[in-house]
Amino acid sequence: MREDDVKGKLLYVKSYRVVKYMELLQEASILCGIKREEMNIPGTNILNWKKFREQMTEDIFIKRLEEYTFEGVKKDPVVSYAKLGRIKRRLEKIVVEEIEEYNAGFAILLKYLKQLIETRFLDILSRKEAK
């Protein structure tokens with residue numbers, strides 16, 4: 001599948017009134033630095049879909065995914081809900097086969113995030129061993 005096709009399938013979700021697998025979008029956003037307060041319904045951990053889909057554009061959402069760097073020390077302190085272990089555990093609960101049936105773009109995003117997290121873990125381990 002071409003890169004433009006993947007982006008198109010992922011961004012097509014914006015037209016949905018109701019979305020399954022919101023936790024995938026939440027975890028992808030948290031990994032890219034979007035704060036929980038910016039995307040969730042106030043006082044909850046539930047994604048505010050109306051507000052979030054406005055940010056789900058190639059210029060905002062896709063660009064943040066592409067700009068994420070897995071190498072090096074992060075400048076800002078990481079809040080507890082944005083720790084890699086937590087994000088990894090939440091993504092492992094999503095069944096790949098089910099998400100493939102729902103939206104191919106989501107399936108590719110899930111695989112990409114899992115690979116990105118593994119690569120980030122390897123980078124952290126190599127930096128610890130180098131000390």
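Glutamate 118 and lysine 88 form a salt bridge, with their closest N and O atoms 2.8 Å apart; the term covers a side-chain nitrogen of Lys or Arg within 4 Å of a carboxyl oxygen of Asp or Glu. The pair links distant parts of the chain, since glutamate 118 is in helix H8 and lysine 88 in helix H6, 30 residues apart. Helices here are DSSP runs of H or I with at least four residues, numbered from the N terminus. Glutamate 118 is partly exposed at a relative accessible area of 35%, and lysine 88 is partly exposed too, at 26%. For accessibility, buried means under 20% relative accessible area, exposed means over 50%, and partly exposed is in between, with a 1.4 Å probe and protein chains only.

A note on the source. This is a predicted model, in which local features need pLDDT of at least 70 and side-chain atom pairs count only at pLDDT 80 or more, while totals for chains, interfaces and linings use all residues. Residues are numbered from 1 along each chain as its sequence is written, and side-chain values use heavy atoms, with hydrogens and water left out.

How many salt bridges does a search of the whole structure find? The count is nine. Side chains of opposite charge can pair when their charged atoms come close.

Another of these joins glutamate 27 to arginine 86, at 3.5 Å between the closest N and O atoms. Glutamate 27 lies in helix H2, residues 22-31, and arginine 86 in helix H6, residues 84-92, so this pair ties together parts that are 59 residues apart in sequence. Is glutamate 27 buried or exposed? Glutamate 27 is buried, with a relative accessible area of 1%, whereas arginine 86 is partly exposed at 22%. Leaving aside residues up to four places away in sequence, glutamate 27 touches Arg86, Ile87, Arg90 and Leu91, where contact means heavy atoms within 4.5 Å.

Aspartate 123 is buried at 12%, and arginine 127 is partly exposed at 26%. Elsewhere, salt bridges that share partners join Glu3, Lys7, Glu58 and Glu66 into one network.

Now the rings. Rings of Phe, Tyr and Trp (its six-membered ring) pair if their centres lie within 6.5 Å; planes under 30 degrees apart count as stacked, over 60 as edge-to-face, and the rest as tilted. That rule gives six aromatic pairs. One of them is phenylalanine 52 with phenylalanine 61, edge-to-face, at 5.8 Å centre to centre and 75 degrees between the planes. Both phenylalanine 52 and phenylalanine 61 are buried. Tyrosine 102 and phenylalanine 106 have ring centres 5.9 Å apart and planes at 55 degrees, so that pair is tilted. Phenylalanine 106 is buried, at 0% relative accessible area. Ring pairs also link Tyr12, Tyr16, Tyr21, Tyr102 and Phe106 into a cluster.

Last, the chain segment after helix H8 (104-130). Lysine 131 is found there. Lysine 131 is exposed, with a relative accessible area of 86%. Lysine 131 and phenylalanine 52 are 79 residues apart in sequence, and their C-alpha atoms are 41 Å apart in space.

Definitions and conventions
Helices (H or I, at least four residues) and strands (E, at least two) are DSSP runs, numbered from the N terminus.
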